[in-house]
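Take a look at the sequence and the fold below. We'll walk through them piece by piece.

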Amino acid sequence: MFVYDVHVDRVARVLKTARRYLTWVQNSVLEGELTAAQFERLQDELKKIIDPEEDALLFYVLRSAGDVRRRKLGREKAETAFFL
């Protein structure tokens, strides 16, 4: 799972970059399954966009897809079966 809080000037670029790798499920929240190489590329691309003094990116890395429990209430932006 990837969660971000970035300055409004960079939101669109962060979202566009992350959507090339992950599924957008909520405002500022994406999820998906990545290889180690994809994860490194995503981080490298995002580092070029953000201002580390102003912006915050959080990656939740799960050790096993079998350990994931996901509950939702209300509408969902996209269906996904994969988790980062």
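Where is the place of Tyr 60? Tyr 60 sits in the segment after strand 4 (56-59); strands here are DSSP runs of E, at least two residues, and helices are runs of H or I, at least four, numbered from the N terminus. Keep in mind that this is a predicted model, where local features need pLDDT of at least 70, side-chain atom pairs count only at pLDDT 80 or more, and totals for chains, interfaces and linings use all residues. Residues are numbered from 1 along each chain as its sequence is written, and side-chain values use heavy atoms, leaving out hydrogens and water.

Tyr 60 has 44% relative accessibility, so it counts as partly exposed (buried is under 20% relative accessible area, exposed over 50%, partly exposed in between, with a 1.4 Å probe and protein chains only).

Four strands make an open, antiparallel sheet in the order 2-3-1-4, where two strands pair if DSSP finds at least two bridges between them. Strand 2 and strand 4 each have a single partner strand, so one side of each is left without a neighbour in the sheet. Strand 1 (residues 2-5) pairs with strand 3 over two bridges, and Val 3 stands opposite Val 29 in strand 3.

Finally, turn to a loop. Ser 28 lies between strand 2 (23-26) and strand 3 (29-31). Though not a glycine, Ser 28 has a positive phi of about 65 degrees. With a relative accessible area of 25%, Ser 28 is partly exposed.
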